[in-house]
Amino acid sequence: MKNENIYLTEFNQQKLKEYLNTIQLGRNFVYIESVDSTNTQAKLLAQQGATNGTVVLAEHQTNGKGRLGRQWCSPKGAGLWFSILLRPQISPMQISGITLVTGLAVCKAIRKYTKLNALIKWPNDVIIGNKKLCGILTEMSAKTDKIDYVVVGVGINVNTLEFDEEIAQKATSLKKETGKTINREEFLTVVLGEIEECISLYLSNPNNGISKEYIQLCATLGRQVTVSRGNNNIQGKAVTVTSNGDLVVETNEGKPILVNSGEVIVQGIY
Ligand code: BTN
């Protein structure tokens with residue numbers, strides 16, 4: 001990371017406590033200066049009995065984890081790198097819904113706090129224009145059909161100005177988009193407020209699935225996509241997202257297919 005980011009200030013837990021307006025989310029708040037991954041730390045705390053709604057935030061991650069086995073670049077003081085511990089009473093099949101609604105919640109928080117036109121790249125990246133601003137990685141522990149705990153890891157590029165070369169063309173931050181330094185503590189309270197609301201709504205009736213709001217904010221829909229299936233690449237147009245979060249793609253041969261995970265390349269977005 002280049003030294004353009006040296007103006008950054010330290011996260012102030014006291015300020016967060018003053019602003020926080022959630023019922024449960026973040027009331028148990030664990031702040032760590034530097035850790036391998038907040039997801040790993042949250043899983044350890046879960047095994048030691050930490051409560052539903054615990055939030056673990058690190059100023060810096062030495063081994064931040066991304067989806068599909070990738071690394072998540074988490075420089076000191078530049079972003080919000082945190083994990084949420086949940087103990088929901090739903091089936092393991094319904095967990096992907098939690099990830100999708102968390103993406104929706106972060107998207108809504110960004111729109112509310114910055115007025116930027118944040119959108120969702122299916123399933124749960126938050127983007128501005130054609131660049132990524134936030135990624136989410138969910139991990140869970142379940143025995144047969146019962147969930148023990150779920151850890152939802154959220155990484156938001158907030159005040160980053162310089163990205164590593166490999167992601168410089170694909171990533172952006174709130175500071176880059178607004179031209180202003182964002183107050184991380186204030187912004188985090190908006191994010192946690194939206195996440196609490198979206199997750200409670202989803203958990204109150206998981207069978208209702210993904211909301212219309214998600215569809216309205218999903219930038220993937222209406223675009224040409226390439227879906228990788230084993231050794232095959234299937235081309236088509238993303239048409240909608242089903243209530244359980246699968247992407248419906250109409251292939252160039254006119255056949256609808258359901259995509260529930262893996263890599264989808266969206267034309268025009270990184
Ligand atoms: C992605 O690849 O888009 C998911 C990135 C998730 C990154 C966050 S940062 C906080 C939490 N801890 C991790 O190690 N990963 C997640």
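Which elements each supply at least two residues of the lining of the second largest pocket? They are helix H3 (95-114) and E6; helices (H or I, at least four residues) and strands (E, at least two) are DSSP runs, numbered from the N terminus.

Some bookkeeping. This is a predicted model, where local features need pLDDT of at least 70, side-chain atom pairs count only at pLDDT 80 or more, and totals for chains, interfaces and linings use all residues. Residues are numbered from 1 along each chain as its sequence is written, and side-chain values use heavy atoms, with hydrogens and water left out.

A pocket here is an open set of points on a 1 Å grid over the protein atoms alone, where a 1.4 Å probe fits, with protein on both sides within 12 Å along at least five of seven lines; lining residues have an atom within 4 Å of a point. Points are joined across faces, edges and corners, and the volume is the space filled by probe spheres set on them.

The second largest pocket holds about 650 Å³. It is lined by 30 residues, and Ile 95, Ser 96, Gly 97, Leu 100 and Asn 260 are the closest to its centre.

The largest pocket holds about 880 Å³. Its lining has 41 residues, with Arg 70, Gln 71, Trp 72, Lys 132 and Ile 167 closest to the centre. Elements giving two or more residues to that lining include helix H2 (38-47) and strand E6 (131-143).

Lastly, Gly 193 is in helix H5 (residues 184-204). Its relative accessibility is 19%, so Gly 193 counts as buried, meaning under 20% relative accessible area with a 1.4 Å probe and protein chains only.

Notes:
Buried < 20%, exposed > 50% of the residue type's maximum accessible area, 1.4 Å probe, protein only.
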